[in-house]
Every structure is written in C-alpha cells, then in structure tokens.
Amino acid sequence: MGDALPTTGDEGFSRPGVQRYAADWARAVRRLGFVPLSGPETERLLLVHTVRLARALLADPFTAQPAADVGRALVEAHLTEPGVLDWSVRALGDRFLAQVLPGRPAPRMSGLRAAGLDGRMATGPAERVAQLQGGLAAGFAQALRDRTFTQQERIARSAWRARDHVEQALRDSEARFRAVFTGAAIGIGIAGIDGMVIDVNQSFADMLGYSVAELRQINVASLFHPDDAAGMWELYQDLIEGRIDTVQVEKRYYRKDGSIVWTDLAVSLIRYDDGRPRFTVAMIEDITERYELQQRLRFQALHDPLTGLPNRTLFFETLGRVFATAAPEHRVGVCFLDLDGFKTINDSLGHDLGDRLLVVIAQRLAECVAGQGHLVARMGGDEFVILVDPCPALDDAVAVAEAALAAVADPVQVGDQQLAVSASIGIVSGAVAGTDATGLMKAADTTLYWAKAEGRGRWAVYDPERSARDQARSALAAGLPRALDRDEFVVHYQPIVSLADGRMLAVEALVRWRHPELGLIGPDRFIGLAEETGLIVRVGQWVLERACRDAAGWLVAHPDTTPVVSVNLAARQADDPGIVETVARALADTGLPAELLQLELTESAVMGTTGEPLRSLRRLSALGVRLAIDDFGTGYSNLAYLRRLPIHCLKLAAPFVEGIRSAGPDGSADNRDEQIVDALVRLAHALDLRVTAEAVETEVQAARLRALGCDTGQGRLFGSPVEATEITARLAETDGGRRWT
C-alpha cells in the first residue's frame, strides 16, 4: 500500500504522515456511521484521496479542483454521513499540515496567483488550505445534491405512475409510494397549484418544527423567508403555470420557533395527461450546517486574520461593485493610509508587538468611520484603505482622512510600551465615469507616495497634472538606457572667452538628448534622473569620450587656437575609484593632450571629498588635467579647505553675476554683489586660480567683471551652446585673423 508513495520525495510530503492521516481519516469515518467497505478497503481509498489533497496543496499553479473531486468521490463511495464531511473539512486544516508536512514550515508557494473553484485568488498556504476545504465541501455537497435530485425524480415518477395506473396495481403502488414517502430521510411535500399543502412526510414536519396536521393547513407562501419571498414567488408562478417543470434553489425557511433553517429545495411539477398543471412535489434537505461552514470559509477568505478587517480581496470586490452599479456621476473617494516608520517598530521591538499595534490601529480606524458607513480594509503590512462611498465633495474625503490621522496619532499602549504613531494618507475623489477601480487605486497609491515624500503625519490630494509630470519623468528615466544604446545623446559646446581680449580659450561640453518623440531635451530634464538611477556614470563617461574626440579633431585642424574642453563630472563619477583610469583611457584613445581637458565639479561635491575621492582629484591633476569648481559660492565655501585641493579654476555661480546685470537709477550696479565678486576674484587669484564668470548676458556685466579682474566669461553674450561643427567653423574664422568677441 505504501510502496507507491515517496518518503519525502520530490512531491514534498511525508509518506508516513500521509499514511497516518489516511488511517485517522478511515477510523473517523467508520466511527461516524455505516461504511459499506471493510477497514483496509476504507483506508486504501482514503489514502489515495489524502495523496490527491497533498499534491493539490503543493501544486503550482494551484487549483482547488482536486479537493472538489475528493468530496464527490466520498459521496460516490457512500460515505455520506454528515459527520464525515464535518470531520474531513476540519481535519484538512492544521491536522493535515502537521501530519503531511511534519516538522517543516508551511510550504513556500511561488509568486504565481492561482484560482480556486470560486475564482478567488490563492497566494499563500493558509488561503490554499481554505480553498481546499471549500472545494471539498462544495464537491461533497454537489454530489449529494445530484444524487438526491436523481432520487427525487425517480421517486416522483414512481409515485405518480403508480397513481396513474391505479387500476393495475392500486394497492401495491400505494404501499410502495407510502413506504418511500414516509421513510425518506429528506422532507417531501405535496401542494396544489393554489399553494395549499396537500401532504407532507414526517421528515418535512420535523425539519420545520410543525406537526404533519399543522402543515396540511398551511399555504406554502407563509413558509417563505421574507428576504427571498418575491424571487421565490416568481419561480413558483412559472412552475404552477407550466412554464417550467422543475425548480432547484438554496433558500431559507422559518421554523415554527422562529429560527432559520437553510435548505436545498427541489420542486417538480406534476401534470395531467393533457399537460395541465396538477400539483407540485417538493423535496427539501436541511443544509444549515453546510451553509454555515461555507460562510465561515468565505469570511476567512475575505477578512484579514490578524485585524478582522476586510482584506484586499473584499475591498476590490466592493469597489468593483460600486463601479459596476453606480451612475456615471456618482462620486467615490479613497483614503490610502500607511503608517510612518512601522518597519522601525517591527525591527526594534519585535513583530509580535508590531502585530498588536496593527490590531489597535485597525480598531481605531474602524471606529472613527463606523457611524458613516465607510468600508475600512487592510491591504497588507501596515497599509489600510478607507472607501468613502458616497463622496459628494473632496472635503468629505479630507474630513475622513483627518479623522483617521487623529485616531492613529493618539499614543498607543501595547504591553509596557507606549508608542507614538503617525500615518500618511493619499486621497483620491471623483466620479466613477472616466476611471475604474484599478485606476482609482493606482492614483491613491501615487498620492500616498507624495504624502510620504512631504513628511510624516499628513495627507495629500491627487493632482492629475502632477501625476502626468511624474509619469513623463518616469518614462524618461525608463528610456535613458535605451537612449545610450541608440546613440541618442549629443554634445553641444558653449564658448568660454577671455574678458581681456575676447579670445575663445575654452568650451564647456553640455549634453543634450535628441529624443525620438520629444525632440531635443536639455540636461535639466534628465540629468537628475540619471543621477537617481545611477546611469549618470555611463552618461558622464560617454560625454567625456565624445568631448575628447571632438577636441582632438579641433587640435588637428586648428593647433594654434584649440580651446580647452571643459566637461562636467558628477559626484558619483568623482566617487568612482576607476575615474582616473577612465579619464586616462579617454585621453589615450583620442590623442588629446591632458592640458586641453578641464573637469568641472560642483562646489559641494569637491568640498566634501576626503579619502579616495581626494586622492583621485590629485591623481587627475598629476595627469595634467585641469580641475574647476563649478557654481562656486553656493555650496560649502570652506575657504581653508580650498587651498588644499588641486584646483585650477573657480567658476562663479550665476546669481552673483546676475546681481550686477544692470545699473540702478544712479548709474551704479548692486554694490553688494559686486563686492562679493570682487572678494571671490581676489581670493582665487591669491590662491593662483583663474576665475570664470557664468551667465554673462550683457556688455555692462562683461565690463564690470573685466574691471574686477575676472579672467574669463561664459554666457549668451559670448554665444549659446552649439554643435561641434559650429565650433569648428568659428575656429576657422579665428585662424583667418578674425577675433571672436
């Protein structure tokens, strides 16, 4: 019997555990009622079903269908005692996992989502077990229903054939009918087409708590439950008027004592020979226990086991129902809440305390909106969501969010710990027209991210324009690697000229992105994205190599007037231990002399360098490469540290130059900005550094900078960034004796 099973095997379950579980199952079945099989036969049968259930639990993709097949097989084996189903479903929980997978953690399931019999998605072992329990119960019930219905049909035909042929065997037929009618375990009732009960058996009377005589005085309509009476009457009218011959439904009845019984009801129409409706035969089975079990299983599948709140599945079911049934102008709101710093609490105080905190927060959230009828659900982890339905105006959703923040903010006493907790909330509100449940939750998630980015303990409202900007920014970030592979970047060069005589001494290399859809994009739109994604190192290396190649070409064509090419170096590039080798390789590959290359670093990046980055700067300087500090005056401005750096040039930040753009009413410029520039120029010259002024746009600025001793200038006055071919053309003009001013 056991030779066909692996001990632990590739299938992942225990052979001894499977055998023990099957043996326990067989003993329970035989204890609970009559079994038409011997003990060994019963155990062999249930061993096969145990293996099917174990394989179903571990299967990927997962489906509860094998459990439904097992339930049907139990009925087919005549193991139909009610206690058999109860024991089988209950044991399929912890007992099954403990015996089939002894001493092991719950099986790791793949990330694939798998559907159960009812279409819900199962993602973990607990939900898989719940799906298997439901599948087994459903298969058992369906098989029992099918068998009962078949018996009902056979009984009905047998009974009324006997009456139609009363001349042939009236007494025998009556005896057989009465035997079946009286001895049947299910309730049987006969009613006229006017609804008055003609006769019932004792099982029917016992089920509803009446006597047979009392039921013979009752109209079937008085037995209907009020919540389904209207629907039942429609079906009943179709039946007695001959439009349909059978009705089979699950419905509630009131017992005589006022309690409710759930039943599986099958009603058949009996006709005269000419086809006219004659009376109806109802067969009714008490399924209250099965129904309550199904409800418990559904509750477990749709509610969070820790907090008892509706879970993600139930939330999306409810939200989807709103979108499916509400008018287009109907407005709903969503408040998506996430606790601030919950991971820190879990890591420092333990997951047990974190779970207890989540329970308290869940109770507070449920209480703060309980009187308003809003749905509160736990989405997972420390995320909760409140469905505000209806939400006539944005202010209604904001009020709910503020109430939720206030409820969360009260100190929480968990054991001997008092915790101060805050949360962030993303709010979305609008009409159901033009969106769907998925779009609404995506917007709420985006808005929650905004609230988190702006600080703790606050809410943010969804802004479609901001979302569009974020999406465009994300699209650009996603396209950066492809842009490098497709060679979509180009380098433009802006002249840096001598303020003394107007000669072009250098050019700054500025990267642009020739986007296939958006056209030419400036660095302000993608350099920040490259830095965030880490792609700035590859982009910076590409710009360095292209700039060195262009400068080497100018050197060959115009050796006497070749400008220094100045390339920006991002902070990540400066921190890269291989930056010196990268620069040296670019110079070697292009043949550009090191003295014709200048690397620009921001002041904050340079002033904060210590250790390896500072050694890299010194090694670059030793190569002969010039180093410049860009945007000087806006960062650390650590003047004592400045003299220790291997720097050759300072580039004054644009705001200082803009401050002396034009003269005041008395003909003088802003004296404070001029004094700052004067001090910076004197400082740089004292340290034997050259000074370049950025953003020079007017002759007045150029004249004042020249008077202050500034060495070079850069800006629209001297030329905007242009392609390398235009720099080549201007160098040719300079070779011809024309000075570029």
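Visitor: Which strands does helix 12 lie across?
Guide: First, some ground rules: this is a predicted model, where local features need pLDDT of at least 70 and side-chain atom pairs count only at pLDDT 80 or more, while totals for chains, interfaces and linings use all residues. Residues are numbered from 1 along each chain as its sequence is written, and side-chain values use heavy atoms, leaving out hydrogens and water. Helices (H or I, at least four residues) and strands (E, at least two) are DSSP runs, numbered from the N terminus. Here, helix 12 lies across strand 8, strand 9 and strand 10, and runs at about 130° to strand 9. Such angles go from 0 to 180 degrees between N-to-C directions, with axes fitted to C-alpha atoms, for helices over the stretch in contact (heavy atoms within 4.5 Å).

Visitor: Which residues of helix 12 are buried?
Guide: Buried means under 20% relative accessible area, with a 1.4 Å probe and protein chains only. In helix 12 those are Leu314, Phe315, Thr318, Leu319, Val322 and Phe323. Their cover includes helix 11, helix 16 and strands 8, 9 and 10.

Visitor: What is the order of the strands in the open sheet?
Guide: Two strands pair if DSSP finds at least two bridges between them. The five strands here go 9-10-8-13-14, with mixed pairing. Strand 9 and strand 14 are at the edges with a single partner strand each, so one side of each has no neighbour in the sheet. The twist averages 20° from one strand to the next.

Visitor: How many bridges join strand 8 and strand 10?
Guide: Six, in the antiparallel sense. Val334 stands opposite Leu387 in strand 10.

Conventions: Buried means under 20% relative accessible area, exposed over 50%, partly exposed in between (1.4 Å probe, protein chains only).
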